[in-house]
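Here are some quick notes for a first look at this one. Keep the structure open while you read.

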Amino acid sequence: ESVAKKLLGEAGIPILQERVARTAGGAINAAAEIGFPVVLKVDSPDIAHKTEVGGVVLDLRDAAEVRAAFEAIVMRAQAAKPTARINGVLVAPMIREGVETILGVNVDPTFGPMVMFGLGGVGVELYKDVAFASAPLTPRRAEALIDAIRGRAMLEGWRGKPPVKRVVLVDALCCLAEFAMAHARTLQSVEINPFIVSKHGGFALDALIVTR
């Protein structure tokens, strides 16, 4: 995840200030630098779905909670995936506000990079509310991709909530399409889930890149 986010950040997709910590003490220091509350996530190239192995702990408010979470995450990850390489944990700010979306790319052998957008989080597998468009994307085509999902009302202000900053989604989708075009020969897929967006902006909270 940390490497994927670095590459996507360099491509223009907004990411949060985060730290990779290899020890509990390092995680505590990173949390103090970032500012509480924080999120801890297992950092491993061999664990794609961190929540399924108990590799994510949210809303940690002090050093004691960070230490306990670090130890629990590493223990659970090792138990679930004994052969996995575990670099440590990723320490990130806790983000509470916004709509969870998913941004992705799949490089089709016939059509080339196909960009995906939809509502994200764990609900994406349940509702499957996603739409696709071929890369590259113009801002107008990115807008049309956003409007193609059934749940677009969530972005426009739902149940009294303010509308999200759509331009952030448009820019991120265009940057992702450019990234996919530049790496189409070696890239298999990209998944940014969730990309959380609010009235203030948006960030990639999790990312996975698969190469051929």
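This is a predicted model: local features need pLDDT of at least 70, side-chain atom pairs count only at pLDDT 80 or more; totals for chains, interfaces and linings use all residues.

1. Residues are numbered from 1 along each chain as its sequence is written, and side-chain values use heavy atoms, with hydrogens and water left out.

2. The protein chain has a mean pLDDT of 94, with 99% of its residues at 70 or more (pLDDT is the predictor's confidence in each residue, from 0 to 100). Confidence is lowest in helix α4 (residues 123-127), with a mean of 70, and highest in helix α6 (residues 166-182), at 98. Helices here are DSSP runs of H or I, at least four residues, and strands are runs of E, at least two, numbered from the N terminus.

3. Now look at helix α5 (residues 139-147) against α6: their axes come within 9 Å and cross at roughly 110°. Axes are lines fitted to C-alpha atoms, over the stretch in contact, with angles from 0 to 180 degrees between N-to-C directions. The two helices are therefore roughly perpendicular (65 to 115 degrees). Residues making the contact (heavy atoms within 4.5 Å) include Leu145 and Ile146 of α5 and Leu169 and Leu173 of α6.

4. Finally, find Ser198 in the loop between β8 (187-197) and β9 (202-204). Ser198 is buried, at 10% relative accessible area (buried means under 20%, with a 1.4 Å probe and protein chains only). Leaving out residues up to four places away in sequence, Ser198 touches Glu97, Gly98, Val164 and Lys165.

Conventions. Buried means under 20% relative accessible area, exposed over 50%, partly exposed in between (1.4 Å probe, protein chains only). Angles under 35 degrees count as roughly parallel, over 145 as roughly antiparallel, 65 to 115 as roughly perpendicular and the rest as oblique.
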